[in-house]
Amino acid sequence: MKPAPFEYVAASSAADAVEKLRRYGDEAKVLAGGQSLIPMLALRLARPSVLVDINGCTDLDGLTESGSTLTVGALVRQRGLERWARTRSPLFAEALGWVAHAPIRNRGTVVGSLVHADPASELPALLLCLDGALSARRKGGERVIPADKVYLAPLTTSLESDELATAARFTLPPDGAGWGFAEVARRHGDFALVGCAAVLALDGSGAVSHARLAFFGVGGTPVRSAPGEAALTGQQPTPARLAEAAKAAAAALSPDGDLHASAGYRKTVAGTLAERVLTAALGRCRRAG
Amino acid sequence: MKRAVRVTVNGKDYERAVDVRSTLADFLREDLDLTGTHVGCEHGVCGACTVLLDGEPIRACLMLAAQADGHEVTTIEGVAPFGEALHPIQEAFWAKHGLQCGYCTPGIIMSACAFLKEHPTPTEGEIREMLAGHLCRCTGYHFIVEAIAEAARALAGSRPAPTVE
């Protein structure tokens, strides 16, 4: 047995889970899909004294689409979102294909990946790119944390230790919007060295009415690029303009270097991928009107 | 700390008290003596411990045995149909030399079972993408790719042929 000793408690509902989190506080960790937590237990990088298993909380399951809002409950597996996406969202379908491997996605949850907050993982960047938010519940209260307030540092979110992330919300791109997604990794399914996602929409005159550009693998947290988006919004999306936006976006990044890739390499690749995903997004746009 | 689990493995029901720190892989190997499920990295990377949970491939090292309560597990010991020596995927690995030391093979075959259901006529690219989740340090993968392609053909052939007038 590899993990350090812990007590295992199974929660029967979201309310039961938050009660248990209140009781155990800092000592507890939530176990959902376990695809990040169990390796950390096995390597003893995490040594919680209590695991609160939420897999029996049926009220946390369920994926609902209402208007442009997609709500993904804390028990929805990455595979569940992937299967929904095959007919509903090519952006999610493409991005999820890059998340580890099928056997991991069969267990790993969407919300689990979001709150694990690995800066090189795909879904947190999509939360930023799609104006998402997390719903968090604690004993006696619930709050919604917008995506840009979730990520603080590697593996660190603004969730409190007694809070349970109950669902994630994504705003699906407007009608006629185009999308792009690209990633560079050493092998398919590895964590990204650098990755990038974009959504673009055009108004009746062909100018950019909506631009989102987000990166992962470029620092301690996923990054939504304000300079990249500002360089496009309201502008005619000529190839030169897209290249300029990608350059501005990459220039504002401050990635870390590690044994997998130097900081300079990551910055160069980020600029290249940004131009690529913006071009792909433009190619998929339909003009409003 | 122990916890009672009831689990169906390869069609047989088991009821056991498991240590909550036990992974499903440990449970299968040590409690049920089903040692065909191999354990390599024990943190989800190598794919050797892949089994089917309710028909879907998962890493047995990334799930606690306690969490398998009420579920159905299929391991490599359960893939061959009753009365026959090998499953068509196993046959194809044999015929195409898809294994050398065999350590990674059970995990790959379990993944392939689910993969070929979803992709009955896979491209080489799709096979290689699936295999990215399985480390093999002997073969260089070429013969594994061929074995899975061969298995797809064999499985397609074993489906009832359309009636010809």
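Q: What percentage of the 289 residues of chain A count as buried?
A: The model is predicted: local features need pLDDT of at least 70 and side-chain atom pairs count only at pLDDT 80 or more, while totals for chains, interfaces and linings use all residues. Residues are numbered from 1 along each chain as its sequence is written, and chains are lettered from A and ligands numbered from 1 in the order in which they are written. A residue is buried if 20 or more other C-beta atoms, placed from the backbone, lie within 10 Å of its own, exposed if 12 or fewer do, and partly exposed in between. For chain A, the buried share is 53%.

Q: What is the radius of gyration of chain A?
A: Chain A has ten helices and 14 strands, taken as DSSP runs numbered from the N terminus (helices H or I, at least four residues; strands E, at least two). The globule rule, 2.2 Å times the number of residues to the power 0.38, is compared with a radius over C-alpha atoms. For 289 residues the rule gives 19 Å, and chain A is close to this, so it is as compact as a globular protein of that length, with a radius of gyration of 19 Å.

Q: How far apart do the C-alpha centres of domain 1 and domain 3 of chain A lie?
A: Domain bounds come from an automatic or database domain assignment. In chain A, this gives domain 1 (7-53), domain 2 (58-171) and domain 3 (178-283). The C-alpha centres of domain 1 and domain 3 of chain A are separated by 35 Å.

Q: Which element gives the most to the side of chain A that touches chain B?
A: Two residues are in contact if their C-beta atoms, placed from the backbone, lie within 7 Å; 24 residues of chain A contact 25 residues of chain B. The elements of chain A that give two or more residues to this side are β1 (7-10), α2 (37-42) and α5 (102-107). With five residues, the one that gives the most is α5(A).

Q: How many charged residues are on the side of chain A that touches chain B?
A: Ala, Val, Leu, Ile, Met, Phe, Trp, Tyr, Cys and Pro count as nonpolar, Asp, Glu, Lys and Arg as charged, and the others, Gly among them, as polar. This side has twelve nonpolar and seven polar residues, and its charged residues number five.

Q: What is the radius of gyration of chain B?
A: Five helices and five strands form the secondary structure of chain B, in the order β-β-α-β-β-β-α-α-α-α from the N terminus. The globule rule gives 15 Å for 165 residues, and chain B is close to that, so it is as compact as a globular protein of that length, at 17 Å.
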